[in-house]
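I opened the notebook to look up two things.

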Amino acid sequence: MASSTHPLNQVQPDLFNEDLWEWIIEHEAFSVSDLRLKYGTAEPYHSAIAQIEAKKKYASKFKSLFEEQWIFPAGLALEQSSSLATASYKSSLFTTPYSADLCAGMGIDSRALSLRDECKRHLCFEQNQGLAALLQHNLKKSTIVPTPFELKTLENWIKENNVHQSELTVYLDPDRRVNKTRTFAIEEGTPNLIDIQGDLLALAARVITKHSPMVDILQCTRKLVGLKRIHVVQHQGECKEILTVQVPGNKEKPYLTVVEATSGHSIDHPYPSSFAIPHGPLSNYIIQPSASLNKSELHDLLANLHDWKRLGVGNIYTSATLPETSPFYKIFKVKAAFDSVKKVKLSGDYAIESIGSKITARELRKRLHLKEGRAQKLFYLQNGRTKLIVEGLLIE
């Protein structure tokens, strides 16, 4: 999590009253730069301007939070926080009456966990004092501990509330910065899941951890004890999160689920798994997996089930018959194919993608004099000296 723009001037939740919220509404249309130039870091304006800035940048991502007057921090990269959709999906994995968030951050995930009908009590650890103060205000029904995670504190909370192991789920979204540089390795997070997983599994029915979309999924299966399931979470076509679910004593082969957070549409299969997909010549349709399906490697499962063939470059498939529509891949009707750029005579608006070649999409666009587009797409596929250029029409 990034440091605040004004480290000593984090948002002060105690300043927010009806008058300040009215001031925020009255100044929402103003430039944030102009407001800061006029008011500087003087309170309550500094805290109020932070809300205006957050709304300008993240109106769609956190729409309902603005409606309920959630107080946002100042100077933090909010795009790194969970969206409401991914937080809601995570909450669906929790079935126990008690839950604990070991690194709460801005609190979007904890909000979803504490709003569950089954939730009796929720515990949050947050070492950033400014964020902890905001959590006290935003999550009034949760217990906030303004310190780094400590096992003893969690154990005391469990004892005070008489929580049985079967009643507790622990959630961890570790800080993934090492020497101010973001890391994707599981063992480099703070707290270190590898070091504490045994202790957590002795206390809880489940340990659910959020990992970077860049994490090596196969490494998760090797390093995590009791791994039950891996979730690859997609939202608006992008791979947003990798979640692992650990269960005490589990020895079964883990399952991998690819899910679209908003619709709940999903694919799952034992992991790891592999399928030998034969290569084939270009046919009537091109199928291009989404980033989340690529990450899960379950595109070969779909190819095997639906008799798709590999085109030989990247994870691109072809099919003689029209596949069912899915949020996990795009389908293009093949309009034309070429073996040389010189033979391409097109005009209009096109998306362009270059795979396996040093020639970039930008260079191709310039050479072919094509405008930016979406519905029509030009694939430039190269395998060694073999080139295949395909014009396709997006089917939705």
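These entries cover the cysteines and then the sheet.

**Ground rules.** I am working from a predicted model, where local features need pLDDT of at least 70, side-chain atom pairs count only at pLDDT 80 or more, and totals for chains, interfaces and linings use all residues. Residues are numbered from 1 along each chain as its sequence is written, and side-chain values use heavy atoms, with hydrogens and water left out.

**Cysteines.** I searched the whole structure for disulfides (a pair of cysteine sulfur atoms within 2.5 Å) and found zero. I then looked up burial (buried is under 20% relative accessible area, exposed over 50%, partly exposed in between; 1.4 Å probe, protein chains only). Cys220 is buried at 0%. Cys239 is also buried, at 15%.

**Sheet.** I took strands (E, at least two residues) and helices (H or I, at least four) as DSSP runs, numbered from the N terminus. Strands pair if DSSP finds at least two bridges between them. Nine strands make an open, mixed sheet, ordered S3-S2-S1-S4-S7-S9-S8-S10-S11. Its edges are S3 (143-145) and S11 (266-270), each pairing on one side only.

**S7 and S9.** S7 (residues 206-211) and S9 (residues 238-246) run antiparallel, joined by five bridges. I checked Val207: its bridge partner in S9 is Gln246. Helix H9 (residues 193-201) packs on the sheet and touches S4 (168-172), S7 and S9; contact means heavy atoms within 4.5 Å.

Notes
Axes are lines fitted to C-alpha atoms, for helices over the stretch in contact, and angles run from 0 to 180 degrees between N-to-C directions.
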